[in-house]
Amino acid sequence: MSEFPSHARVVVIGGGVIGTSILYHLAKKGWKDCVLLERRELSCGSSWHAAGQFHIINSNANLSALQLHTLKFYPQLQEESEQDIGLHRTGGIYLASTQERLNYLIQERAKNRRTNPEMEFIDLAEAKRMHPLIDEKHFLGCLYDPLDGYIDPASVVQAYAKAARKAGATILQQTMVQTLTPTRSGGWLVGCEQGEINADIVVNAGGLWAREVGHMAGIELPLMAMEHHYLITEALPEIEALQEELPSMVDFDGNAYGRQEGMGMLLGTYEQGGSAWAVNSTPWDFGHELLPNQLERIADRLDMAFQHFPRLGTAGIKKVVNGPFTFAPDGNALVGPVPGLKNYWAACAVMAGYCQGAGIGDVFSDWMMNGEPGMDVFAMDVARFGSFATPQYTLHKVIENFGRRFQISYPNEELPAMRPWRTTALYEPLKARGAVFGAAFGLEHALWFAESAEAAIETPTFRRSNAHPYVAAEVRNVRENVGFIEVANFAKYTVSGSDAEAFLDTVFASTLPATGKMRLSPMLSAGGKLLGDLSLAKLADNRYFIVGSASAQQAHTRHFAQYAESYNDLHINNQSQQLHGIAIAGKNATALFNALTANNTCPMRFMEVREMTVGGVPATVARVSFTGDCGYEIYCTAEYQLALYQALNAAGAQFGLHPFGARALMAMRLEKNYGAWALDYREDFTPLESGLHQFVNADKATAFVGKAAVLAEQKIGAPRKMVVLAICGNDADCVGDEPIFKGAEIVGFVTSGGYGHTVEKSLAIAYIDSIALATGGDYAVEILGEQYPAALQPQAAYDPAGTKMRA
């Protein structure tokens with residue numbers, strides 16, 4: 001292009017694999033007026049020195065689906081661009097040295113049964129035949145995926161770039177972005193040495209420099225670069241003698257991966273306590289350089305790899321690569337519209353760019369062009385982090401996750417780095433009572449209670465843990481007496497102003513509650529997918545109170561802001577850090593509540609909300625409970641929380657008051673057939689599929705967000721339905737993503753599960769194809785490689801009539 005452009009619909013900053021993929025997908029789908037700016041040459045960052053190995057396995061099923069999309073897209077990319085990308089579909093083997101590693105692989109195979117049925121276990125003799133360098137005596141099992149392999153990294157970037165240009169997009173190299181200035185129209189003035197571009201939307205795909213590009217817009221993105229080693233051996237006669245290429249491999253105990261490179265082997269590893277690079281600022285003059293080798297850091301990992309692959313221990317080393325690439329605190333990407341900034345999008349910290357590049361480009365472009373990604377991508381949504389993810393927090397969590405790249409992730413595991421980080425006034429009192437804590441949105445919350453602080457340790461496992469009997473006792477006390485749980489980790493919002501009602505009636509699909517009442521209110525995307533499952537209360541005229549998921553608070557405030565612009569007298573405040581509180585639930589909950597509110601002569605009814613004094617503390621009280629028992633959620637400002645706790649405990653002894661944690665809460669909600677946000681309710685599903693349609697008023701006059709999609713689905717019906725299953729299992733419960741069988745056919749999948757201690761049943765919430773449900777029959781669920789009978793539970797196992805919670 002001879003002239004520097006003055007305007008672009010989208011400016012993508014960064015010419016790595018993610019930036020070029022996004023540019024290609026936008027242009028391919030019709031947005032031609034898009035420009036990519038690269039400070040040097042394409043792939044001049046971390047993209048060029050990547051190992052290029054690709055695979056499908058990911059702990060998140062939707063991210064695994066994005067990786068599958070990427071792997072299947074490579075031939076199309078090669079054809080469209082007419083660029084050889086060095087595609088080698090070698091297949092891949094995943095090696096387990098212990099039973100726990102094998103259990104992990106069994107779960108991963110089960111998770112992928114629906115989308116990648118070719119993934120299957122092979123015996124070790126077959127693994128040895130495929131990969132003769134293995135010493136099979138170190139392994140118990142092997143999972144094989146024929147879709148795995150590797151590409152040439154730089155060629156993939158060039159292919160995306162060529163295909164993007166063919167589709168009409170523009171790429172400018174040697175064009176460094178220097179400034180980003182928001183414009184009155186909501187766009188951005190992108191300043192470069194060559195001139196300025198007025199951009200409607202800016203995408204930060206800056207890779208190693210994404211933090212710096214964030215600083216230009218006044219934000220601190222939570223990402224950090226880590227040094228990563230891999231080595232390439234000299235040619236090996238054993239490889240030269242092969243008739244076919246070695247499959248790629250992952251050795252979980254060795255925390256290593258490898259593939260054939262020429263007639264040698266490429267071997268990489270992720271060490272414990274890795275080394276962060278450019279902690280404070282990435283130098284702008286860094287490019288096609290590598291970092292000094294520090295093989296001593298990975299010596300122990302290499303020693304184990306050489307035990308498992310003995311020939312590599314005597315091979316000559318041809319090349320050692322130590323290059324930086326970026327991670328977010330949890331290891332997943334940072335993608336999507338940045339909360340608080342208009343038309344500024346993130347697409348960075350994608351450490352697995354060659355596994356996820358096409359998938360991210362596809363959903364990212366849909367999200368930008370259509371207003372939604374088309375599937376639940378919260379696991380990589382930049383909005384999953386808030387101000388708690390400071391540079392210090394990010395540094396230590398990134399180092400922790402780097403060393404866990406190929407380690408087992410247990411469903412009940414809590415990671416220790418930067419813990420505790422955010423706490424409430426109840427952290428120390430609950431810790432002294434034996435609380436075992438988890439963290440959500442950086443905030444500590446009690447999971448369960450041991451008999452003492454010294455015993456408050458949980459063993460990570462795929463089966464029922466040592467917490468099981470303690471959780472059972474907590475559940476029993478709630479059902480028979482009364483329990484309390486801290487609710488500081490819920491998100492809380494206030495909405496006020498003369499436009500509050502009109503705004504909420506548009507954003508929420510339900511009927512708005514009357515004054516003094518609370519209502520469960522789904523929030524939908526324009527396409528009719530679930531964006532939120534919130535409790536909406538009207539405190540007074542033009543004044544509302546909302547309770548929702550803490551982890552989704554940034555995503556929800558972003559959604560509120562999108563629709564708030566057209567209203568004048570509207571005030572939306574996220575009060576999650578200011579409002580804490582305690583919930584009580586159980587048979588004696590009302591008796592305890594009455595003891596704390598002696599001057600309250602009018603009993604609260606189910607789903608009622610009041611502003612009142614409780615135990616001497618000013619509070620907002622909702623007569624609701626996620627346990628399915630009679631309950632009260634008592635919200636107060638942080639300064640009063642300890643006083644509320646003390647008042648509750650002083651009055652509660654006579655009623656059998658004891659604390660319970662999130663594990664007991666989640667077990668009790670299963671007994672009531674209640675779905676949970678981010679598990680059973682998420683952007684993958686619609687109200688009709690999830691059963692939340694009962695809270696949607698499609699007949700209200702307001703054209704609420706998603707109404708057209710709701711009406712359309714009502715006509716055609718839902719392709720799948722949420723159900724509850726009672727499972728005849730053993731000592732392991734469902735956790736999510738387990739396949740559901742009807743005969744030999746997979747007809748659904750689990751979204752959450754656990755043990756119902758009151759009803760003494762293993763329970764799971766799942767989605768099953770509507771046709772399979774209509775034709776009846778027997779179901780089975782696969783747990784740790786075994787199929788167990790599963791019966792539909794159409795009514796809640798506990799108090800199906802709901803008389804206890806309304807008492």
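Guide: Buried means under 20% relative accessible area, exposed over 50%, and partly exposed in between, with a 1.4 Å probe and protein chains only. This is a predicted model, in which local features need pLDDT of at least 70, side-chain atom pairs count only at pLDDT 80 or more, and totals for chains, interfaces and linings use all residues. Residues are numbered from 1 along each chain as its sequence is written, and side-chain values use heavy atoms, with hydrogens and water left out. Ask away!

Visitor: How far apart are the end C-alpha atoms of helix 15?
Guide: The expected span of a helix is 1.5 Å times one less than its number of residues. Helix 15 covers residues 553–564, twelve residues, so it should span 16 Å. The model agrees, with its end C-alpha atoms separated by 16 Å.

Visitor: At about what angle does helix 15 run to strand 23?
Guide: Contact means heavy atoms within 4.5 Å. Axes are lines fitted to C-alpha atoms, for helices over the stretch in contact, and angles run from 0 to 180 degrees between N-to-C directions. Helix 15 lies across strands 23, 24, 25, 26 and 27. Its angle to strand 23 (490–496) is about 20 degrees.

Visitor: What is the strand order of the open sheet of five strands?
Guide: Strands of a sheet pair through backbone hydrogen bonds, either parallel or antiparallel. Two strands pair here if DSSP finds at least two bridges between them. In this sheet the pairing is antiparallel, and the order is 24-25-26-23-27.

Visitor: Which are its edge strands?
Guide: The twist of this sheet averages 25 degrees from one strand to the next. An edge strand here pairs on one side only, and that describes strand 24 (518–524) and strand 27 (571–574).

Visitor: What is the bridge partner of leucine 520?
Guide: Strand 24 runs antiparallel to strand 25 (residues 530–540), and seven bridges join them. In strand 25, leucine 520 is partnered by serine 535.

Visitor: And the open sheet of six strands: what is its order?
Guide: The pairing in this sheet is mixed. Helix 17 (residues 641–652) lies across strands 22, 28, 29, 30, 31 and 32, at about 15 degrees to strand 28. The strand order is 29-30-31-28-22-32.

Visitor: With which side chain does the side chain of aspartate 629 make a polar contact?
Guide: Aspartate 629 sits in the loop between strand 30 (617–622) and strand 31 (631–637), and its relative accessible area of 3% makes it buried. A polar contact is a pair of N or O atoms within 3.5 Å; within protein, one must be able to donate a hydrogen and the other to accept it, and residues adjacent in sequence count only if both atoms are side-chain atoms. Not counting residues up to four places away in sequence, aspartate 629 touches several residues, including Val478, Arg479 and Lys804. The polar contact, at 2.9 Å, is with the side chain of tyrosine 798.

Visitor: How many disulfides are there?
Guide: A disulfide is a pair of cysteine sulfur atoms within 2.5 Å. By this rule the count is zero.

Visitor: How far is the nearest cysteine sulfur from cysteine 636?
Guide: Cysteine 636 is in no disulfide, and at 1% relative accessibility it counts as buried. The nearest cysteine sulfur belongs to cysteine 630, at a distance of 19 Å.

Visitor: Which residue in the turn between strand 37 and strand 38 has a positive phi?
Guide: All five residues of strand 37 (residues 779–783) are buried. Strand 37 pairs with strand 38 (residues 786–792) in the antiparallel sense over five bridges, and valine 781 stands opposite tyrosine 788. The two strands form a hairpin with two residues between them, and the one with a positive phi, about 50 degrees, is leucine 784.

Note on methods. Helix = DSSP H or I, 4+ residues; strand = E, 2+ residues; numbered from the N terminus.
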